[in-house]
Amino acid sequence: MNMITSSLLKNIKMKNKYILIALCCGVMAFQSCKKGGFLDPKIEPLTEEKVFADSASTLGFLSDLYAFTGMDIVPYTSTYFGTMNDNFETLTTNVAAGYGSSPQATFIGGTQTPDSHYMNIFYTTYYKKIRNANIFLKNISKTPISNGRKTLAIAEAKFLRAWYYFALVRLYGGVQLMGDEAIDDLPAYEYKRNTYKECVDYIVKELDDAAAVLLPASQLVSADYGRATSGACKAVKARVLLTAASPLFNGSPASTIANVAPLIAYSVTKDETLWQKAADALKQVVDNTDYALVEDNTTKPGFGFYNMFINGRKNTEYIYVYNIANGKDLETFWLPRSRTSQALTFSNPSENLVKAFGMKDGKAITDASSAYPYNPENPYVNRDPRFNYSIIFNQALLANRTTTAMQPVDIYYTANPSPTGAPIPAADRIEQYYTRTGYYTRKMCNTESPYASLSVQRAYPVIRLAEMILGYAEALNEMNQTELAVTYVNMIRKRAGIEPGSNNRYGIATGISKDNLRSLIQNEYRIELFQEGHWYYDCRRWKIAEVVENQTVTGTSILKQLDGKFAYSSITVLSPAFNTRMYLAPLPLAEVLKGKGSLIQNPGW
């Protein structure tokens, strides 16, 4: 088995077998200790032998392996990496980054380079976690804990090692596999990437092995919530196989050059059997009785979609989560300044995303057959309920900062009665440090309680059942089972609070074609999973990023006229320049150079 690249081993090499230990305080802290952890040099160094001679230190080491499993969804990655003052969604056209430091403009503008690419930090961090998993597996036999706990711990470490490998594969294609090596000194070895297929097959086997040992979610004690389960293993496997079946990695790779294509594609020519493998894996999760969509259309349409994100860490829909301490981080980063009194906001939704949300009968805003025709002069009425739970738009109702009184958010300028006077800004208008787009994010935020006294018990949903259902529908449609796929899409639409219509198709046309359903499913992913870190990967694996991520990022400026009516105008926020090389991130230049020609760079970089 090939091992990790030489410069990475040098960077994470532990001289004299020292590991720097930082024990997390309490079980929930194992995913919320942020920069602190077993590689944090603030704590007294302990030898590897001492760490694994102590049961608490051993389990603390295992807990620390979870620390970066939520990087796609955390709202403020600077807390973890110190390199980006915003979230992963800002690497797409779904949002405009806040006014703090962010790589968005250079990233979606296509001007980043392999020596300073934003993803370089992920490359090094994930490999460190892989190596630490190997250190754990090498030493677990020495630890004075019960055989039963050891067996579970080994399975957890294998799950986490597979997790980080897939995190790399999603970004880069095939990467170099380490096997079980956890050595301090560098031997002579062949220095090259494994193929994409080798990586996927290895990850799937590791997940199968872990799933056979780990407990199901229904048997997990509350103190261990957030740790790997058999269901989580199966869900990651399903995500891996669905990705491998997708066009970028199955039949339409970013390059067909003989020595490059196997590194970045499971199959250079389209392999239909990959869709069946993905469907089988997804069906296992969809049919798992431990999980169910959180649905409440009685309180009001789609209320379950809103409430599941703010009503505790655990629910029937969450399959794998990233635990955080009680608080109001999302609200602090995303809500308007009139509610938070913060200095700035982050991750403002774009008009591109806003237009992806349809009407409340499930029809697109461009569909003239909708029972609720879209009105550009009153654009926010009669929309898909998820729109109201995801986007804060002009005159949307939010709780007052200090009371539960629901009051409108004013995102406009008022026309000046004086012909020569400048428009008068309202509280949350488009302006530096407010919003860049005319919108704020509501998704996953508690907006019905006063911000000043808010403390939300939540976990970030890294994998939830809705993703698995959409994935299964996608796979069925690709296998020409389009009508069966519609049934599963409508499970999501029903929970969303969309009206079923007289034909119970939730806005989906009778006899819809495979191509049209594919587009509809892709849009469903975009709005259902907004701000959960999916769109960056999804638009790439479908190989549509060169279209959707090349569109100007727009917002909406609103003027309240002297007669009290609102006038809407489009504004340009960012100008992307998606190049096909951006389907995959570049390997860090330092790694390629040290490979002396044997470590092949991704195409175009």
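## The largest pocket

How much space lies in the largest pocket? In this predicted model, the volume of the largest pocket is about 680 Å³. Two elements, helix H19 (514–528) and helix H21 (545–548), each give two or more residues to its lining. Helix H19 gives the most, with eight residues.

The lining of the largest pocket comprises 32 residues, and those nearest the centre are Ala356, Ala364, Ser519, Leu520 and Asn523. Sorted by class, the lining holds 15 nonpolar, nine polar and eight charged residues.

## Helix H9

Helix H9 covers residues 230–245, a run of 16 residues. From its first C-alpha to its last it reaches 23 Å, which is close to the 22 Å expected at 1.5 Å a residue. Of the 16 residues of H9, 15 are buried, so the helix is largely enclosed by the rest of the structure.

## An open sheet of four strands

An open sheet with mixed pairing is formed by four strands, in the order E10-E9-E13-E14. Its edges are strand E10 (424–425) and strand E14 (566–574), each of which pairs on one side only.

Strand E9 (residues 413–414) is joined to E10 by two bridges in the antiparallel sense. Within this pairing, Tyr413 has Pro425 of E10 as its bridge partner.

## Strands E4 and E12

Strand E4 (residues 318–323) runs antiparallel to E12, and five bridges join them. In this pair, Tyr320 stands opposite Ile463 of E12. Strand E12 (residues 459–464) is mostly covered, with six of its six residues buried.

Definitions and conventions. Residues are numbered from 1 along each chain as its sequence is written. This is a predicted model: local features need pLDDT of at least 70, side-chain atom pairs count only at pLDDT 80 or more; totals for chains, interfaces and linings use all residues. Side-chain values use heavy atoms; hydrogens and water are left out. The expected span of a helix is 1.5 Å times one less than its number of residues. Buried means under 20% relative accessible area, exposed over 50%, partly exposed in between (1.4 Å probe, protein chains only). Two strands pair if DSSP finds at least two bridges between them. On a 1 Å grid over the protein atoms alone, a cavity is a set of points where a 1.4 Å probe fits but cannot get out, and a pocket is an open set with protein on both sides within 12 Å along at least five of seven lines; lining residues have an atom within 4 Å of a point. Grid points are joined across faces, edges and corners, and a volume is the space filled by probe spheres set on the points. Ala, Val, Leu, Ile, Met, Phe, Trp, Tyr, Cys and Pro count as nonpolar, Asp, Glu, Lys and Arg as charged, and the others, Gly among them, as polar.
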